[in-house]
Amino acid sequence: MLLNREQSGKRWHLRPDGPPKVTGQLQYLTDMSSPDMIYGKVLRSDYPHARLLSIDTSEAEAMEGVYAVLTAKDVPGLNRFGIATPDQPVFCEDLVRYVGDAIAAVAADSPERAMLALAAIRVQYEELEPLDSTDAALAPDAPELHPHGPGNVLHRTEVKRGDAEQAFASCAYVVTETYYTPRQMHAYMETEGGLFVPDEAGRLNVYAATQHGYKDRMQLARIIGCPEEHIRVVSSPIGGSFGGKDELNVQPYGALLALKCGRPVKMHNSRKESVRAGLKRHPMKIEMQTGISREGILQAHRVRITADTGAYATLGAPVLNFCTEHCMGPYVIPHVDVEGISVYTNNGLSGEFRGFGGNQAIFAMEGQMDRLAQMINMDPWEFRRRNLRQKQDPGPLNQQILPTDGLSQVWEALDRSDLWQKHLHPEEETSRPPWIKRGVGAAIAMHGAGLGYGIPDPAGGRLSLNAEGKIEVAFSYEEFGQGLVATLEIMLCDLFQCHTSDLSIVIGDTDRVPHSGSSTASRSTTMAWMALQRVQHGFRSKLLAVASEISGIPADNLMTGPGGIWTKEEDSSSLSSSRLVAAYAELVQRGEAKDWIFDTTFHYPTTPDHVVGGHYLYTYAAVAAEVEVNMLTGETKLLDTRHIVAAGPVINPMGYVGQIEGGSVMALGFTLTEDAVMQNSRYVTCNLDTYLIPTIKDIHTHLEVEAIEDLPEGDAFGPRGIGEIGSVALAPAITGAIHQATGVWVSHLPVPREELTRAFNVFLPEGVRPS
């Protein structure tokens, strides 16, 4: 099925949050205010690495309009946070490890006064030499950034099978390459912030962006030193996240200041503060050596991954696990030797980011496949086909995975696409200057969904008929632009043949929703679908039974529909021959409220094998890209892309295309322009005026999405999430296209323009010079 507005037969559902967003009427969490609120600000370290000798807050405390000044001594509970490893101090006590480290926080009657108070805090440091690279941090004489914990190594991974050393010795061809990927910003439009409101009952209400409200509540309770139930977290709607707001950011400071002052506190980072303190994609160095037989069959694969996780853990360990799992690609390789290491440095924090380590791994692995194919003079797509895992083969970690035909289906669909045919039959370039080159490349990927084996991954949901007579669904997921609310509306309308006006959707509020797990890892759509399948039968039976009591019509002759319960006529489910016998509002009057609540709890499906981090459900994608390279300037333009995605049934076509489009734009920046450059562990790119995200000019290209909706017979898991699959394979498709156009193999992202300009003389005909 081609997913575009002209060709798709699917219903394009109007996003309920669309009109308020485009008109500016929607209130994001950072738009919230309170009449008596004050403003919070955080003082962050002057140095990336230093001993903290003293903090004098007396001058700030004495300022008019300043209500509180907090430091480490004012944290009543645990002075640490971290979604998996709580190793980041709320306020530094004796050592600062990066320029985003918090020293103090103030609350004042205006943002300007709060900034003046920060300037009045006197801090004495003993500056230390920063460990500004993984090599520096791994040096034998390097100081330990976490001396009471893991030192300078956060995490190590290893996958070994067969005998790679011996297999390499018998390989006919071997490619050895080192790949480098950048520190990428999430660049969400809404920077971190929120409103923190203590109420008269002594509870704290937190209105701040996160992808995991229950996790935030747990961490804040530890910091404050109170029961979790004393905190309410409202976490939707959000102006973008992409993983970057999965970790606590301003929440500890807003919460502590609000409780100290007994008043609402508003916090909102500037873009510079967001850059300084926020998470980024892990920059990685991936060393790969891959060997094949004379017939082009993969034999051996050696990988060494080095990830710069920055000063604190966040989810650096699971990111490395995911990268390790995906650095072998969707291929059968008998002899594997993979090691990974995630290293603490004094650089900015690296953590959760759309693709979660898969982007880096797939760029490298697909680069190897292109190089090997050229080495044996084979079509690169055919070379991939010869080595693809088959339906019943185990996953990359030799774990059981759910068998589907998705991998072969996306390969075949791209193979017959018009865009890939351009690679096989390049156009003559007579109409273009000799320094303008075009090429087409392609890549294929399998991407695990969910958190993986051994990691708590709870799920659940609630379906009820509420007091207003609405069919209400409740999940702890958040809407941060991905179209979740529209997807839930479509699911419910399809289940009950009702109208959107019959629905109430409640998400992202720990006081009102069950624990559904995080809105991460491409899991929300699958989990919501599975939850509704589990509860819809009991809920429907209850509706029909009560309607039967009211109408005297047997329940078997009734069905749900717009506004309430309808009769079936001649066993037809068509409403044209039916009549309404009971409105939903009538039904809810019969019985107690609890009688209308149907809950379910379960866990995201994982492999039965004991492989930590190993995934069970995968989504598959093939991507082709056409580029135009100006070899005078090194500029690369993306002209055309084709995404073919096997992710099960398409529930929300608009959301589906939007996710692939959005992921593609993010991948385009990752490939061509984006790099949060650091020198001596300080950001050089401090704002969006120097950090180059793609603009509308860069993305004005043709993009076509083809969805393969097939699932195995009896599949119980429904539609797969596609929030990440659109972002993971475009980079190697683009660099493959650059190679066809210029002959240059790219191993460093973003693509270094100087490498392309240096190659210009190779292609320039003798005596020809650009005017």
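Biologist: What is the relative accessible area of Asp74?

Modeller: In this predicted model, Asp74 has a relative accessible area of 25% and is partly exposed. Asp74 forms a salt bridge with Lys73, with 3.4 Å between the closest N and O atoms.

Biologist: And Lys73, buried or exposed?

Modeller: Lys73 counts as exposed, at 67% relative accessibility.

Biologist: How many salt bridges does the structure hold?

Modeller: There are 35 salt bridges. One of them joins the side chains of Lys41 and Glu273, at 3.9 Å from N to O. Lys41 belongs to strand β1 and Glu273 to helix α8, so this pair ties together parts 232 residues apart in sequence.

Biologist: Why does Lys41 count as buried?

Modeller: Lys41 has a relative accessible area of 15%, and buried means under 20%. Glu273 is buried as well, at 17%.

Biologist: Which residues are linked in a network of salt bridges?

Modeller: The network links Lys160, Glu165, Arg302, Arg304, Asp337 and Glu339.

Biologist: Changing topic, at what angle do α6 and α7 pack?

Modeller: The angle is about 50°, and the axes of the two helices are 10 Å apart. Helices α6 and α7 are therefore oblique to each other, and their crossing is right-handed.

Biologist: Which residues make that contact?

Modeller: Helix α6 contributes Asp216, Leu220, Ile223 and Ile224, while α7 contributes Gln251, Pro252, Ala255, Leu256 and Leu259. By class, the contact has 7 nonpolar, 1 polar and 1 charged residues.

Methods:
Residues are numbered from 1 along each chain as its sequence is written. This is a predicted model: local features need pLDDT of at least 70, side-chain atom pairs count only at pLDDT 80 or more; totals for chains, interfaces and linings use all residues. Side-chain values use heavy atoms; hydrogens and water are left out. Axes are lines fitted to C-alpha atoms, for helices over the stretch in contact, and angles run from 0 to 180 degrees between N-to-C directions. Helices (H or I, at least four residues) and strands (E, at least two) are DSSP runs, numbered from the N terminus. Angles under 35 degrees count as roughly parallel, over 145 as roughly antiparallel, 65 to 115 as roughly perpendicular and the rest as oblique. A crossing is left-handed if the near helix is turned anticlockwise from the far one by less than a right angle, and right-handed if clockwise. Contact means heavy atoms within 4.5 Å. Ala, Val, Leu, Ile, Met, Phe, Trp, Tyr, Cys and Pro count as nonpolar, Asp, Glu, Lys and Arg as charged, and the others, Gly among them, as polar. A salt bridge is a side-chain nitrogen of Lys or Arg within 4 Å of a carboxyl oxygen of Asp or Glu. Buried means under 20% relative accessible area, exposed over 50%, partly exposed in between (1.4 Å probe, protein chains only).
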